[in-house]
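Dear colleague,

I am passing on the structure below, followed by notes on what was found in it. Please read the notes with the coordinates open beside them.

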Amino acid sequence: GRTHPARVSPRTPGADHRLHLTIRPQTGLPRTETFRLVTSLLDPKLAPARLLATAYHQRWEIENGFAELKNRLRGAGFILRSRAPGLICQEIYALLTVYQALCALQTRAAEHGGTDPDRISFTVTVQLARLAVAAQAAASTTALDAARREVITELLAALLPPRRNRQCQRIKKPSKNTFEVRKRDQPRTPSNIHY
């Protein structure tokens, strides 16, 4: 179910490098988890622990970025055509450049609409960009700006619902191998059996 955002409440400020996060689901009892922040960001003015702890909830966004780049932008069955290493690098660079341009368009649309960029659909962005680019060969800057405004209007008309707050209990997953592990000094069981 949906949960309320976690509240960051350090119990011993300054003396302890642990954070205690309380998660209050709409159904069920609240639970408090203790986190120890380990980071290479050492300046607390640039990266306060409280800010980093609240950013922790966005950690799964990178998975969406990988899916957008690998599946939604390239399309099904897309294979790099180049056979030389230098040309493969050039093709990947072009793919990343297009991805960056589409993300910039999403951000511009979100700023224009005063909404969270997560609500702008990447799939719709790709579709609209493909339609707009095909019609813009040798277009003037005025026509390109009008096309950009039209795409932004269409993106804002097709907003995704707000993202749900996610939670995942920090439990150890069971291993897939259910067989007992043999210790090094344990003798091997004979495999030849006679009846």
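At what angle do helix α2 and helix α3 pack, and how far apart are their axes? This is a predicted model, in which local features need pLDDT of at least 70 and side-chain atom pairs count only at pLDDT 80 or more, while totals for chains, interfaces and linings use all residues. Residues are numbered from 1 along each chain as its sequence is written, and side-chain values use heavy atoms, with hydrogens and water left out.

Helix α2 (residues 61–73) packs against helix α3 (residues 85–113) at about 115°, with the axes 11 Å apart; helices here are DSSP runs of H or I, at least four residues, numbered from the N terminus, and axes are lines fitted to C-alpha atoms over the stretch in contact, with angles from 0 to 180 degrees between N-to-C directions. The contact (heavy atoms within 4.5 Å) involves G65, E68, L69 and L73 of α2 and L95, L96, V98, Y99 and L102 of α3.

Y99 also belongs to the one aromatic pair of the structure, where pairing requires ring centres within 6.5 Å, and planes under 30 degrees apart count as stacked, over 60 as edge-to-face and the rest as tilted. The rings of Y99 and F122 have centres 5.5 Å apart and planes at 55°, so the pair is tilted; it links helix α3 to helix α4 across 23 residues. With relative accessibilities of 15% for Y99 and 4% for F122, both residues count as buried, that is, under 20% relative accessible area with a 1.4 Å probe, protein chains only.

Best regards

Technical notes. Helices (H or I, at least four residues) and strands (E, at least two) are DSSP runs, numbered from the N terminus. Rings of Phe, Tyr and Trp (its six-membered ring) pair if their centres lie within 6.5 Å; planes under 30 degrees apart count as stacked, over 60 as edge-to-face and the rest as tilted. Buried means under 20% relative accessible area, exposed over 50%, partly exposed in between (1.4 Å probe, protein chains only).
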